[in-house]
Amino acid sequence: MFANRRIWLAYLIVFVGSACTLIIELIAGRIMAPYIGVSLYTWTSIIGIVLAGMSLGNYLGGLLADRRASRDTLALLFLAAGVASLAILVVTELVAAAPVRLSLLPRIVLYTAAIFFLPSLVLGMISPVVVKLALADLGRTGNIVGTIYAFSTVGSIVGTFLTGFWLISWLGTRTIVWLVAGTLFLMGLLIGGFRRPGDRRALLLSLLGAALLLWLAAGERLGQPLWRIAEWLASPTRLAVLLGPVVLLAAGWISPRAVRTAAPLAIAAFALVGLGWSAGGYRAPCQAESDYFCIQVLESTADGRPARALMLDRLVHSFVVPEDPTVLGYGYERAYAALTKAHAAGRPALDTLFIGGGGYTFPRYIEAVYPRATVDVLEIDPAVTETTYERLGLSRTTRIRSFNHDARSFLIAWDDPKRYDIIYGDAFNDLSIPYHLTTVEFSRIVAARLKPDGIYLANVIDRLEGGEFLKAYANTLRQVFPHVYILARGADAQPFDRNTYVLLAGRAPLDRAQLAAATAAEPDHARPLPLPAERLDAYLRSGRALTLTDDFAPVDQLLAALFVERGN
């Protein structure tokens, strides 16, 4: 197929195949985030599963190349890869609805394998067939194979940068799946050639039929009946898309002419999924899909009042009552409020900085309760900030200043000499913790931004006994701040339960009398109480007394016990 003057076709084919593989690998993290979150374990599973699929695909592709290396075989592989890529949409919907009773770690591996193994396997079969077809001159084997691998690697690089810097922002993950599947399908059609007039007529009729079906589904009058048909065909559609790649590969193994029927079958699979798509199926569970999060705003209640919940990926980040910013839905926010009240006593105004904005629940509280306070927020995702304006009641004329940057890099580069009375850490969300905000080096950056008597507050979800991250983070803060406290609200201090704790760090000791006065009206179970000094010292010395640094911050491993126990 690839004569010397057309060897560039081989390079182009492996370039496109490898680019599509890396695009799928990169969007895998965003596709999985609403269901299993984003962590080291998520990316470990994605990379491992994709590599396993490619490895097996390389092996099977080599066997297929020795058996039936031909233009038709290569075309069939691309058609199968297109259907397998499209299956990502179908399997993701099935996985999301499946009642899997597993703890989080095995669930991450299972979900990743179910969704991404088959596309990786089929894409991995392409290169061995291309190499076989390109080796017409054995005297140039090394040069040809080396150049094929080089173009394959360049395709991977282009796919990586294209996806990370542009595609996710522009299109969103599900549209990218369609783009990849369509590209692979088109490559299959171009390579297949369909040289016989009968084959071309069948292909053209299939394409026209699918286009007409999708055009009718997009209309208002005929769309509704077709959407109902799509619902009736949901199970056959899933079966066709899931078995389609396997059937196409088996047919190609048996007969070199299978590509003639493969194209119409692939078109049918695309049409069925497209019909379901037009009816609203196979979509991301997001109201907005940003570079960082799958963003949803859900109707909820807080203190018995209508509220809205901001959901980032799989975790509820904030509860907000848009009409009343003084309502606080989380216990750690109430603890923040009590500690703020104690620290604000006797001060004419407060200068505050928030590391993480989320739903802006507590920044809005500070703005409402302390009219003379300044409020600066470092929120990495501009789409989250825009959501708070659009859906969560943050006024466009607020005096809250928002900076949409990573907190650490921003504070390093920021030339404003402003110092703060209180810096609030609100970037740690359940099992999703940006490790670069937990280290000694970052704590020094925070300390440099505090006034001499300023305090740093951070919330951590862990166990007091048996959990390791809380202890390691408190020890880390102690390397920078002379005074560090762990506070819990009443019964939340139960040592073996997973709870939210507040850490307070500063250069001056906590004024316990001021804290008692600030919480005098609170019931005992709601008061934030620091661990007694003796108990805190003994706790921090027990077990592994780790300190987190930029060179050593195994945050996900320290939270591993919580990952293991987390079920549905």
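Which residue takes a positive phi in the hairpin of E3 and E4? In this predicted model, residues are numbered from 1 along each chain as its sequence is written, local features need pLDDT of at least 70, side-chain atom pairs count only at pLDDT 80 or more, and totals for chains, interfaces and linings use all residues. Side-chain values use heavy atoms, with hydrogens and water left out.

The residue is Asp-313, with a phi near 60°, in a hairpin that has two residues between its strands. Strand E3 (residues 305-312) and strand E4 (residues 315-320) pair in the antiparallel sense over five bridges; strands are DSSP runs of at least two residues and helices (H or I) of at least four, numbered from the N terminus, and pairing requires at least two DSSP bridges. Ala-309 stands opposite Phe-319 in E4.

E4 turns up again in the lining of the largest pocket, to which H1 (7-36), H2 (40-68), H6, E4 and H20 (555-558) each supply at least two residues. H1 gives the largest share, four residues. Of the 45 lining residues, Val-38, Tyr-292, Phe-293, Ser-432 and Pro-434 lie nearest the pocket centre. A pocket here is an open set of points on a 1 Å grid over the protein atoms alone, with protein on both sides within 12 Å along at least five of seven lines, and lining residues have an atom within 4 Å of a point.

Finally, helix H7 (residues 173-192) holds Leu-179. This leucine counts as partly exposed because its relative accessibility is 40%, between the limits of under 20% for buried and over 50% for exposed (1.4 Å probe, protein chains only).

Notes. 1 Å grid on protein atoms, 1.4 Å probe; cavity = no way out; pocket = protein on both sides within 12 Å on 5 of 7 lines; lining within 4 Å.
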